[in-house]
Amino acid sequence: MAVAAAPGALGALGAGRVRLVAACCARLGPAAWAGGPAPRRGYSSEVKTEDELRVRHLEEENRGIVVLGINRAYGKNSLSKNLLKMLSKAVDALKSDKKVRTIIIRSEVPGIFCAGADLKERAKMHSSEVGPFVSKIRAVINDIANLPVPTIAAIDGLALGGGLELALACDIRVAASSAKMGLVETKLAIIPGGGGTQRLPRAIGMSLAKELIFSARVLDGQEAKAVGLISHVLEQNQEGDAAYRKALDLAREFLPQAYPSGRVCASPLSLQPMRSTSYGPVAMRVAKLAINQGMEVDLVTGLAIEEACYAQTISTKDRLEGLLAFKEKRPPRYKGE
């Protein structure tokens, strides 16, 4: 892509936009999914109880959904060195797995999502170790934010400090009304270090984010919904997994097999009904990238990023399959190509 020379700052700005769009295109290329085929995995109900992170690849009608279940009850799911290592390993595997369509992050410990950093472990660290450890938390959370597929945080319990920062890195957050959420670090004479000072203002606005961080205030599910911190709030059920069930419902909507066979829904291109609707995995990845990149720049640059991202879908087999399926009035069979 070329830009005509322009005098002064305007020319520099134009060149900067070109670099941003070029970087966006580069992220859409094959390198984004490099690493070869991921190891074959299947859902198994037999999970070792000592595992702090349970990675479950769902099957049948939920095929394509992966659930990351935090399972560190004795530490209130706090972010320890070991849990971070397991999260990092899981994310590295998932980002190159083309079979993954949506990722849900949840807790398998009742009443707790994630209580933040493991302060007992932190207290044993030398001061020289603290900075690198917080940098590792930030890096893992950033890797989650940069996953190419939709991510959903199911908050069925306490999400404080790094736990809320983990949820903020997800594309969508759903919570039970009884859940508690807050960035409480200022009570410990520190500040959020896992991205909270940056992602919370982007989610709810600068003024309110400052108020919540300065006060270390904790919100329940209804309050979090009112300020726009979460998308959906549910009354908790007896099993304690209302948010997870809602997250699973949302994840199913993102699958290529979004609706049961035979369900009639309106076509986005006409007023004529058609059978079933499904969403191309390429389109999902590119849409996420366009939104994420566009939110960080001005509108003109954002529109250029959208144009570059749209261009990446034109030559895909999925786009042609979508048009053919629409013409033949049948559900499309997307392959992510």
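Strands β6 (residues 158-160) and β8 (residues 180-182) run parallel and are joined by three bridges. One of the pairings puts L158 with K180 as its bridge partner in β8. Strands count as paired if DSSP finds at least two bridges between them.

Zoom out a bit and four strands make an open sheet, in the order β4-β6-β8-β9, with mixed pairing. At its edges sit β4 (112-114) and β9 (219-220), each of which pairs on one side only.

## What you're looking at

This is a predicted model: local features need pLDDT of at least 70 and side-chain atom pairs count only at pLDDT 80 or more, while totals for chains, interfaces and linings use all residues. Residues are numbered from 1 along each chain as its sequence is written, and side-chain values use heavy atoms, with hydrogens and water left out.

The protein chain has twelve helices and twelve strands. Of its 337 residues, 47% count as buried, where buried means under 20% relative accessible area, exposed means over 50%, and partly exposed is in between (1.4 Å probe, protein chains only). The accessible surface comes to about 17800 Å², with 57% of that belonging to carbon and sulfur atoms; areas are from the Shrake-Rupley method with a 1.4 Å probe, and for residues only the protein chains shown count as cover. Among contacts in the chain with a separation of 6 or more, 64% are between residues 24 or more positions apart. A contact means heavy atoms within 4.5 Å.

## β5, wrapped up

Strand β5 (residues 151-155) has five of its five residues buried, so it is largely enclosed by the rest of the structure. Both faces are covered: T151, A153 and I155 are buried on one side, and I152 and A154 on the other.

β3 is joined to β5 by three bridges and runs parallel to it, with I104 opposite I152. β7 (residues 172-176) also runs parallel to β5, through four bridges, and A153 has R173 as its bridge partner there. Within β5, T151 has 0% relative accessibility, so it counts as buried. Leaving aside residues up to four places away in sequence, T151 touches I103, I144, A169, C170, D171, I172 and K288.

Helix α4 (residues 127-145) passes a quick length check: its 19 residues should span 27 Å at 1.5 Å a residue, and the end C-alpha atoms are 28 Å apart, which agrees. The expected span is 1.5 Å times one less than the number of residues. The buried residues of α4 are F133, V134, I137, V140, I141, I144 and A145. Down the axis of α4 they fall within an arc of 150°, so they line one face of the helix; the arc is that of the directions from the helix axis to the C-beta atoms. S128 and P132, on the other side of α4, are exposed.

In helix α6 (residues 196-204), the buried set is G196, R199, L200 and I204. Down the α6 axis these residues fall within an arc of 105°, so they too line one face of their helix. The buried residues of α6 pack against α4, α5 (162-168) and α7 (206-215). After α6 comes G205, with a positive phi near 100°.

## Cores

The largest nonpolar core has 48 residues, and those with the most contacts inside it are F113, I144, I155, M181, L200 and L229. Another core lies apart from it, with 16 residues, among them L58, I104, V174 and L255. A nonpolar core is a set of buried Ala, Val, Leu, Ile, Met, Phe, Trp, Tyr and Cys residues joined through side-chain atoms within 4.5 Å.

## Loop residues

V100 is in the loop between α2 (81-94) and β3 (102-107), yet it is buried, with a relative accessible area of 3%. Not counting residues up to four places away in sequence, V100 touches G64, V66, L94 and V149.

Two non-glycine residues have positive phi. K76, at about 55°, is in the loop between β2 (65-70) and α2. A189, near 65°, lies in the loop between β8 and α6 and is exposed, with a relative accessible area of 74%.
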